[in-house]
Number of protein chains: 2
Amino acid sequence: MANQIDSLTGQISALADGSSTPVSLAEHSLEQARHQSALNAFVSIEASIVMDQASAATERRKSGRPRSPIDGIPIAVKDNYLTKDYPTTACSDAAPIEPGGVDATIVANLRAAGAIIFAKTNMHEWAFGATNTTSNIGVTRNPHNLDHITGGSSGGSGAAVAAGIVSAALGSDTGGSVRIPSSACGTYGFKPSYGRASRHGVLPLSWSLDAPGPITTALDDIPRLLPYFFGADPKDQSTRSAEAFQAQPPVLRPRLVHLTGRGLERSDEVDATVRNALDSTRAQLCEAELPRISTYFAAWEAILHCEASAYHRRRLEKGAEGYSDVTRAHLEAGKRLTGVELLEAQKVRGQLVRALFDDLPPWDALALPTLPVAAPRHGEDWQKFGGRRVATQDAMTWFCWLGNLAGLPCISIPAGTSLSGLPIGLMLMGRPGRDEDLLAIARIIDNDIGGR
Amino acid sequence: MANQIDSLTGQISALADGSSTPVSLAEHSLEQARHQSALNAFVSIEASIVMDQASAATERRKSGRPRSPIDGIPIAVKDNYLTKDYPTTACSDAAPIEPGGVDATIVANLRAAGAIIFAKTNMHEWAFGATNTTSNIGVTRNPHNLDHITGGSSGGSGAAVAAGIVSAALGSDTGGSVRIPSSACGTYGFKPSYGRASRHGVLPLSWSLDAPGPITTALDDIPRLLPYFFGADPKDQSTRSAEAFQAQPPVLRPRLVHLTGRGLERSDEVDATVRNALDSTRAQLCEAELPRISTYFAAWEAILHCEASAYHRRRLEKGAEGYSDVTRAHLEAGKRLTGVELLEAQKVRGQLVRALFDDLPPWDALALPTLPVAAPRHGEDWQKFGGRRVATQDAMTWFCWLGNLAGLPCISIPAGTSLSGLPIGLMLMGRPGRDEDLLAIARIIDNDIGGR
């Protein structure tokens, strides 16, 4: 963590007042990427691709015609987003290895705004896991301590931002994959509501749960990026235009419900950090149990496994070559679920949404730790917390999947540091479609707890 | 077919001008029901229940305070709609036999308007079939010829209307169950768009395909009944308010596309009748093939079987007692489908919707025969038409399932008579949510072809 980088917001100012140029930002990012190659954060990174974009942006700015405030800012991209210049591998030998030529909608939007598509980041194979330790280019390492994992599946994006290589990176989130590395690496990570952000060109894991989202060094960076994520995309039929999501009057003293109880255990250290953070805010805070967590979790898992196996069906039929053993086992398990079980899971999904609204005290946001533990060490297969022994993989998604199953907007913000110096994140979940309201609430909380 | 009954519209006038009373209508209907008991159209019918409602309605009309224009008109109800006064059996010994006490939303709406809930009609067991020959009270017989079937699953409703016992009856339609008996018995049958009509209190067959709909003696009767079907029902989350379905400018010369080709074969007699009817209209007519019918059909069947098995899961686990062998076999088959197969079917469903809009010439309505043959004889297991030999069950749903899979509004109108004197129906399918437009087009066609 030697390197300090300006936030995206800071870079925007520096470019605007001429104290930086796109070329200087790009050179700094490339130098840091080389310097911190031990993180193994990148799948594809080519200086010539980066510098060509930086030179063009510098020219535009010199001639006083930047395309947007982010024209010339390097942004790293998870390797499941299609990109024109870089190939796309999903960090799997079983991937088709998309050769480039097409941009995902979000990448195309950013590129049209002049952002430098900097590099493709390491990820958990096919996004089917939350540790970033299963990848055909090897594990990703946590900038706070290389012996620890980043979490995943957007681990390379989390590491690149936390290490100050770039100010922002793109991730995708099916059960926490944006928020988990954000919490583990000490960045901000935002998962939009289902239907607000385009997934076109992002290789899917589970189409009814997937959401793309940004990882940034500062909270204010997120609303600067969301216009490139949001809006009705004719290429992603799940998306709705912004008008469908009407802004509500601002919430001055948000009502937070801290979820606890069976299935929502966490380590003492994480619990104390999160409670301490929440207690220091002006929010109206109360605590409530959410029953049936294990039922809801089983539904999330069934939907994820089934949809992932459906997406990979052809590739599996052809022999399933190139998948890691663990990913192949997941995909084979998904094939065995019956349609009736899937429908039952979809029904339970509806029950969760109703329970969140009908069975809890009124809330503007739900609060949880993002992770039940600080970032685990590499090689640790199990985590112990709250009287439980949980596989590290399951510990990573422990809380996060709830937001995907219910389609809520979610954010992870840094809330403190563990005894061993690793970041601890606080998760806030907002009402469906009300992403702007959640960000406004997160800003209040982030200010009050002092931005870590 | 000795008895002639006024249409619902005629009954409305007769009640308004005093030439009929609710009591006289109810007495006529009861007398006809007794007289035509060989049809086996009714599961539950009780004179005291009918006459109590008729007397109350007559009182209201006498005192000049009818609740609505249909106050006092007898309407028959398929035995999968919950009704306060009559039990509900779905014509199965495996049904819970709902003892009454609750009205389905549509029944409650009609009752609040003063309609006489006349009787519960015979149906194909659990609506899981389209012949009305599988029922725990025995087969339903076609009023045009008792040796022939009515089609189903709303066969009792079709028979009761065609026989002039009532002017209107309620059905439900998952793959044609309103339109099939309408075509086979020579009535009008309307299946609304998915999401327009409440299914609350209607025992489901397949919740993503089911739609309730009316069967009537005249086309003008349908718009008089739809207000009791339509609107956002908080008890059926699939329903949307009428505002979501904005009316379009009226279509003066509708563009009809007559669908033909592989998988859409029909008997020469049916083909000639439907072409003759279509040629006699002012519509702009063209013919187009719709490829991949067998793929779409398999998707409809997979979704139906899976959703039905999910609904019946608990009952099946308890031993599957009381189901007929054929219904139990269907439900067991649905349990064997995998989640991946179901997801694939749901994907194909989306492909059908796109194909209907993107791959056909522009259309205001799609035209098909309702059935590929006139009503089969009882005991005929197979139908031969268009070079095919098809199980009678599959011949009944031959065209109709398309409208359910795509969620379109559909109507069957009488278009002619077979050599053997049995009705032949024409089916029109409209654009999703534009039920009023479809009715306006149907009126043009119906006028032009002379209402049979």
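Which strands of chain A does helix 4 (residues 105-112) lie across? Helix 4 of chain A lies across strand 2, strand 3, strand 4 (168-173) and strand 6 (211-216) of chain A, and runs at about 150° to strand 3 of chain A. Helices (H or I, at least four residues) and strands (E, at least two) are DSSP runs, numbered from the N terminus. For the angles, axes are lines fitted to C-alpha atoms, for helices over the stretch in contact, and the values run from 0 to 180 degrees between N-to-C directions.

Before going further, some housekeeping: this is a predicted model, where local features need pLDDT of at least 70 and side-chain atom pairs count only at pLDDT 80 or more, while totals for chains, interfaces and linings use all residues. Residues are numbered from 1 along each chain as its sequence is written, with chains lettered from A and ligands numbered from 1 in the order in which they are written.

Now for the sheet itself. In chain A, 11 strands form an open sheet with mixed pairing, in the order 1-3-2-4-6-5-12-13-9-7-8; two strands pair if DSSP finds at least two bridges between them. At the edges sit strand 1 (42-44) and strand 8 (284-289) of chain A, each pairing on one side only. From one strand to the next, the twist averages 30°. Helix 2 (residues 22-35) of chain A also packs on this sheet, touching strand 1, strand 2 (74-78) and strand 3 (116-121) of chain A, and its direction makes about 15° with that of strand 3 of chain A. Elsewhere, strand 9 (residues 365-369) and strand 13 (residues 423-429) of chain A pair in the antiparallel sense over four bridges. There you can find Ala367(A) opposite Leu428(A).

Over to chain B. Its open sheet of 11 strands, with mixed pairing, has the order 1-3-2-6-8-7-14-15-11-9-10. Strand 1 (42-44) and strand 10 (284-289) of chain B each have a single partner strand, so one side of each is left without a neighbour in the sheet. Neighbouring strands here are turned by 30° against each other on average, direction ignored. Helix 3 (residues 47-62) of chain B packs on the sheet and touches strand 2 (74-78) and strand 3 (116-121) of chain B, its direction making about 160° with that of strand 3 of chain B.

Next, look at the pairings around strand 9 (residues 255-260) of chain B. Strand 9 of chain B pairs with strand 10 of chain B in the parallel sense over six bridges, and Thr260(B) stands opposite Glu289(B). The chain gets from strand 9 to strand 10 of chain B through helix 8 (residues 268-279) of chain B, in a right-handed β-α-β crossover (with the strands pointing away from the viewer, the path from the first strand over the helix to the second runs clockwise). Strand 9 of chain B also pairs in the parallel sense with strand 11 (residues 365-369) of chain B, over three bridges, where Val257(B) has Leu366(B) as its bridge partner.

Finally, how many residues does each chain give to the contact? Chain A gives 14 residues and chain B gives 14 residues, with contact meaning C-beta atoms, placed from the backbone, within 7 Å. On the side of chain A, helix 12 provides the largest share, six residues. A rotation of 179° with 0.1 Å of shift along its axis superposes chain A on chain B (RMSD 0.0 Å), by least squares on the C-alpha atoms of residues with pLDDT of at least 70 in both. That is the relation of a two-fold axis. Also, 100% of the interface residues of chain A are interface residues in chain B too, so the copies meet through the same surface.

Notes:
Contact = placed C-beta atoms within 7 Å.
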